[in-house]
Amino acid sequence: MNTNVNKEPGARSQEPAGRVEDTLGRPLHDLRISVTDRCNFRCTYCMPKEIFGREYQFLDRREILSFEEISRLTRVFVDQGVEKVRLTGGEPTLRRGLPKLVAMLSEIESVKDLTLTTNGSRLAELARELKEAGLDRVTVSLDSLDDAVFRAMNDVDFPVSRVLAGIDEAARVGLTPVKVNMVVKRGVNEHTVVDFARHFKGSGHIARFIEYMDVGNSNGWRLDDVVTAAQIVEMIDLEMPLEPLEPQYRGEVAGRYRYRDGSGEIGVIASVSQPFCGDCTRARISADGRLYTCLFGVIGHDLRKLLRSGKTDEEIAAFLERVWSRRTDRYSELRASETPGLPRKPEMSYIGG
Ligand code: SAM
Ligand code: SF4
Ligand code: SF4
């Protein structure tokens, strides 16, 4: 199934085929599907305990899209040009029967790259089943290799070793290359950036560093907390010299750098300091079936209502085409001019990162 003729390592194809374009000429090429809004971590920048505590009302099971609904929607999106599908959450591995969903999606011929973003907590037990179901690759979030720092950031005392075991198992069963994402927050884990890079250098896994973003309303974001991609590259380059790589395709979010000694590459995702809205080809579906055309979208479009009110695939496709062709989103580019008092944005754990 995986022909690998593309330039991105591990992906199944290369150029966006996009049939529908938005007002800025951006095709619809990637789809991120949140399969649950629940998570077993309480990362302080994503689902802080003060807000996502015992009282927090997560979605009810009936509110969440079924596998059949997700699969049907994916087919409609694929017909509009989507080639890359990523499952996310919340923590997607908490969704019961996830390999079954992967199997259903991997049967959709035009899906060229089927991936999963996970905190890695259940990967050691699930990797093989996911691979056998047709998953191509995984991206694992791991905010530090320093156990105390990581335990404090996930805020449920989860140890680094179990995530590393998940990464090992994912690589062993061929969910490769494994990308390992670290969100860098000033004063919290920035001092562990270089060790993180060193650990994965030469391992075949790709370490990626993400600027801390102002997603949702609950993480108390301040610009001062952002360590920029340029600062991250500088820190690593001082100890392990790097050189930039050309982007592989339109819409690639990570800036890529290679170690000059040939021992692999890293990625940096500069969503705050160098926004990439101009090339943003992504749609997102929340666990309850709302379509967001921007991570920072305020208003989702209710696809679940369409699915559950007997609309045909053609009617849903026409709706999607209408929404995408009118899309104007470029939040990150406009961030600088954002003022307090704007409408509230959805949380990252709900919309899917
Ligand atoms: N639970 C899974 C995980 O952690 O990989 C998937 C969902 S999580 C919302 C997806 C990604 O979003 C993670 O890599 C996480 O670190 C990232 N993320 C969450 N909040 C963020 C923020 N405020 N800024 C930057 N990245 C963030
Ligand atoms: Fe959960 Fe992922 Fe958010 Fe952490 S980043 S709280 S693991 S959804
Ligand atoms: Fe895409 Fe919105 Fe992020 Fe810009 S801010 S890159 S439009 S998701």
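Predicted model: local features only at pLDDT ≥ 70, side-chain atom pairs only at ≥ 80, totals over all residues.
The shell around ligand 1 comprises 18 residues, with Y45, G90, E91, S141 and M213 the closest among them. Sorted by class, this shell holds seven nonpolar, nine polar and two charged residues. Two strands, β3 (113–118) and β6 (206–211), contribute at least two shell residues each.

Backbone atoms of the protein make polar contacts with ligand 1. A polar backbone atom of G90 lies 2.9 Å from a nitrogen atom of the ligand. For M213, the distance between a polar backbone atom and a nitrogen atom of ligand 1 is also given as 2.9 Å. An oxygen atom of ligand 1 is placed 3.3 Å from a backbone N or O atom of T118. Ligand 1 on its own has 540 Å² of accessible area, of which the protein covers 94%.

The strands form an open sheet with 12 members and mixed pairing. Their order across the sheet is β7-β8-β9-β6-β5-β4-β3-β2-β1-β10-β11-β12. At the edges are β7 (242–244) and β12 (301–302), each of which pairs on one side only. In general, strands of a sheet are joined by backbone hydrogen bonds, in a parallel or an antiparallel sense. Strands β8 (residues 255–259) and β9 (residues 265–269) pair in the antiparallel sense, over four bridges. Within this pair, R258 has E265 of β9 as its bridge partner.

Technical notes. Residues numbered from 1 in each chain as written. Chains lettered and ligands numbered in written order. Heavy atoms only, no water. Near = heavy atom within 4 Å. Polar contact = N/O pair within 3.5 Å; in protein donor to acceptor, adjacent residues only side chain to side chain. Areas by Shrake-Rupley, 256 points an atom, 1.4 Å probe, with all protein chains shown as cover. Nonpolar A, V, L, I, M, F, W, Y, C, P; charged D, E, K, R; others polar. Pairing = 2+ DSSP bridges.
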